[in-house]
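Please keep the sequence and the model side by side while reading.

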Amino acid sequence: MSSAAGVLSLLAERGESLAVAESLTGGLVAAELTSVPGASRSFLGSVTAYASALKRDLLGVDEALLAAHGAVHPEVAAQMAVGVRARMEAGWGIATTGVAGPDPQDGQPVGTVFVAVAGPGGTRKVARLRLNGDRSVIRRESVRGVLELLAGELSGNGRAQGTEQNGGN
C-alpha cells in the first residue's frame with residue numbers, strides 16, 4: 001500500500017479529513033493523494049502557495065517570519081499546515097516548503113526541505129529533510145516525507161519536531 005493510500009485509509013477509518021499546503025512540491029502531494037481511488041472520502045483540497053505573498057495571504061504565515069527567514073524555515077512549514085487546516089476546516093493539515101534547486105534559496109542549500117503536520121488537539125510536528133538528487137528527486141522525496149510524517153501521527157508513532165532525515169539518491 002502506498003503512503004498516500006495508507007494515510008487516506010487511516011483518515012477514512014477515523015472519519016477525519018485532510019487539507020494540503022504545498023510550495024516546492026507544486027501540487028505533487030495533492031496529485032499523489034488524488035491518484036488513490038476513493039480519496040474524496042478524506043481529502044478536501046490543496047493550496048499551492050509558491051510565492052511568499054500567497055503563504056502570507058492565503059495560509060496566514062506570519063509576514064515578519066517570512067521577512068526575517070524567508071519561506072524555507074520550519075516555522076513557515078508549521079504555519080502553512082496550521083493555516084490550510086483552519087481555512088479548509090480539515091481535521092489535519094500538511095505542508096511542504098524547501099529548496100528543490102537548482103540554486104540555494106533563503107540561505108538554505110538545495111535539498112533542504114521542511115514538512116509539517118497540524119492536527120486535532122494542537123498536534124503540530126515539523127521534520128527537516130536533507131535530500132540529495134536533482135529537482136525531481138527532491139520534490140518526489142518531499143512528497144514521501146510529508147506523507148510519512150502524517151502517517152506517523154495518525155498511527156501514533158510520530159517523530160519529534162525538528163527531526164532530521166536524509167534521503168534521495
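Is Glu153 buried or exposed? Glu153 is buried, with a relative accessible area of 14%, where buried means under 20% relative accessible area, exposed over 50%, and partly exposed in between (1.4 Å probe, protein chains only).

This is a predicted model, in which local features need pLDDT of at least 70 and side-chain atom pairs count only at pLDDT 80 or more, while totals for chains, interfaces and linings use all residues. Residues are numbered from 1 along each chain as its sequence is written, and side-chain values use heavy atoms, with hydrogens and water left out.

**Salt bridges**

A salt bridge is taken as a side-chain nitrogen of Lys or Arg within 4 Å of a carboxyl oxygen of Asp or Glu, and by this rule the count comes to seven. Three of them are set out below.

| Pair | N to O distance | Relative accessible area |
|---|---|---|
| Glu75 and Arg124 | 2.4 Å | Glu75 22%, Arg124 32% |
| Glu153 and Lys125 | 3.8 Å | Glu153 14%, Lys125 21% |
| Glu148 and Arg144 | 2.8 Å | Glu148 29%, Arg144 33% |

The pair Glu75 and Arg124 links distant parts of the chain, helix α5 (residues 74–87) and strand β5, across 49 residues; helices (H or I, at least four residues) and strands (E, at least two) are DSSP runs, numbered from the N terminus. Glu153 in helix α6 and Lys125 in strand β5 are likewise a pair linking distant parts of the chain, 28 residues apart. Glu148 and Arg144 are separated by about one helical turn, because they are four residues apart in helix α6. Arg56, Asp57 and Glu63 are linked in a network of salt bridges.

**Nonpolar cores**

A nonpolar core is a set of buried Ala, Val, Leu, Ile, Met, Phe, Trp, Tyr and Cys residues joined through side-chain atoms within 4.5 Å. The largest has 30 residues, and those with the most contacts inside it include Leu18, Ile94 and Leu150. Helix α6 gives the most to this core, with seven residues. Leu150 touches Val7, Leu18, Trp92, Ile94 and Val117 (heavy atoms within 4.5 Å), not counting residues up to four places away in sequence. Apart from this core lies another, of 23 residues, among them Val47, Ala77, Met80 and Val126.

**A threonine in strand β3**

Thr96 lies in strand β3 (residues 92–98) and is buried, with a relative accessible area of 1%.
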